[in-house]
Amino acid sequence: AKQGAEHVTDDMYREVQELLTLFGIPYIIAPQEAEAQCAYLNEHGFVDAVITDDSDVFLFGAKYVYRNFFAEKKYCEVYSTDRIKRELGVDRDRFIQLALLLGSDYTEGINGIGIVNALEIVCAFKGDVLSASKAFREWIDLEELTIVPEHLLPTGSQESPSKKKPEEDPLAAAFKAKHRSLKKSWEVPANYPSQEVIKAYQTPSVDKTEEKFEWGKPEL
């Protein structure tokens with residue numbers, strides 16, 4: 001009986017819509033992901049915040065999010081993407097990058113990478129989501145060779161200044177040196193980074209309504 005009750009049916013959707021209409025509460029039917037639609041409404045100022053426990057809402061572009069709103073034994077928590085970016089340096093692109101690493105509703109992520117390593121990766125590999133993720137993938141696939149110190153090289157084998165590689169970001173260089181051996185244990189999916197997943201988060205299918213919500217009178 002409990003399993004049956006947890007399954008949402010079309011009749012349940014119709015009953016909720018009818019109930020909202022009778023109470024004069026405005027609503028919108030999302031073409032696909034509910035979180036994507038809510039994030040769009042929040043991003044464009046149609047609603048003040050999104051009430052959800054699904055973290056994917058940040059990847060869809062929500063600005064303010066309330067969690068544990070209906071939990072009786074927990075405090076309601078409010079999250080602001082501006083504050084998250086200011087204190088953690090994580091914006092929408094970095095959220096999507098984290099999803100590709102840790103997994104989400106759309107992707108399985110990389111086995112062996114946890115939240116700490118994932119945050120280090122998004123800080124070390126910068127740029128837009130696709131280019132940063134591709135750079136990380138290229139480093140993962142790179143065969144590491146033992147580097148011979150210059151003073152041990154034969155005379156005349158040192159590279160001339162004009163042929164030296166451009167200097168690497170110190171944060172990225174430090175990360176690569178620290179995780180040089182660990183990366184061998186990470187299992188990267190063949191389709192990483194998936195452009196389809198990135199597109200699904202950046203340009204989701206939503207009702208791009210410009211009509212503002214209006215409250216009606218309850219039908220007694």
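Ser133 is found in helix α8 of this predicted model. Helices here are DSSP runs of H or I with at least four residues, strands are runs of E with at least two, and both are numbered from the N terminus. Ser133 counts as buried because its relative accessible area is 0%; buried means under 20%, exposed over 50%, and partly exposed in between, with a 1.4 Å probe and protein chains only. Apart from neighbours within four places in sequence, Ser133 is in contact with Gln97, Leu100, Tyr192 and Pro193, where contact means heavy atoms within 4.5 Å.

Residues are numbered from 1 along each chain as its sequence is written. Because the model is predicted, local features need pLDDT of at least 70 and side-chain atom pairs count only at pLDDT 80 or more, while totals for chains, interfaces and linings use all residues, and side-chain values use heavy atoms, with hydrogens and water left out.

The chain as a whole has 10 helices and three strands. Read from the N terminus, the order of elements is α-α-α-β-α-β-β-α-α-α-α-α-α. Of the 220 residues in the chain, 29% are buried. Among contacts with a separation of 6 or more, 59% join residues 24 or more positions apart. The accessible surface of the chain is about 15,700 Å², and carbon and sulfur atoms hold 53% of that surface; such areas come from the Shrake-Rupley method with a 1.4 Å probe, and for residues only the protein chains shown count as cover.

The largest nonpolar core has 41 residues, and Leu101, Ile110, Ile113, Phe125, Phe136, Phe175 and Trp186 touch the most other members. A nonpolar core is a set of buried Ala, Val, Leu, Ile, Met, Phe, Trp, Tyr and Cys residues joined through side-chain atoms within 4.5 Å. Two or more residues of this core come from each of α3 (34–43), α4 (56–59), α6 (92–102), α7 (115–124), α8 (129–141), α9 (170–178) and α10 (195–202). Helix α6 gives the most, with six residues. Leaving aside neighbours within four places in sequence, Phe125 is in contact with Gln97, Ala132, Ala135, Phe136, Trp139, Phe175 and Lys176.

On the surface, Ile51, Tyr64, Tyr66, Phe69, Phe70 and Val78 form a nonpolar patch with about 620 Å² of accessible area together. Patches take residues with over 30% relative accessible area and no salt bridge, joining like charges within 9 Å and nonpolar side chains (Val, Leu, Ile, Met, Phe, Trp, Tyr) within 5 Å; a salt bridge is a side-chain nitrogen of Lys or Arg within 4 Å of a carboxyl oxygen of Asp or Glu. Tyr66 sits in strand β2 (residues 64–67) and is partly exposed at 31% relative accessibility.

Asn68 lies in the loop between β2 and β3 (77–80). Asn68 counts as buried because its relative accessibility is 13%. Beyond neighbours within four places in sequence, Asn68 is in contact with Asp53, Lys74, Tyr75, Cys76 and Glu77. Cys76 is itself partly exposed, with a relative accessible area of 41%, and Cys123 is partly exposed at 34%. The structure holds zero disulfides, a disulfide being a pair of cysteine sulfur atoms within 2.5 Å.

Ala30 is in the loop between α2 (10–23) and α3, and is partly exposed at 26% relative accessibility. The C-alpha atoms of Ala30 and Lys208 are separated by 9.9 Å, although these residues are 178 residues apart along the chain.
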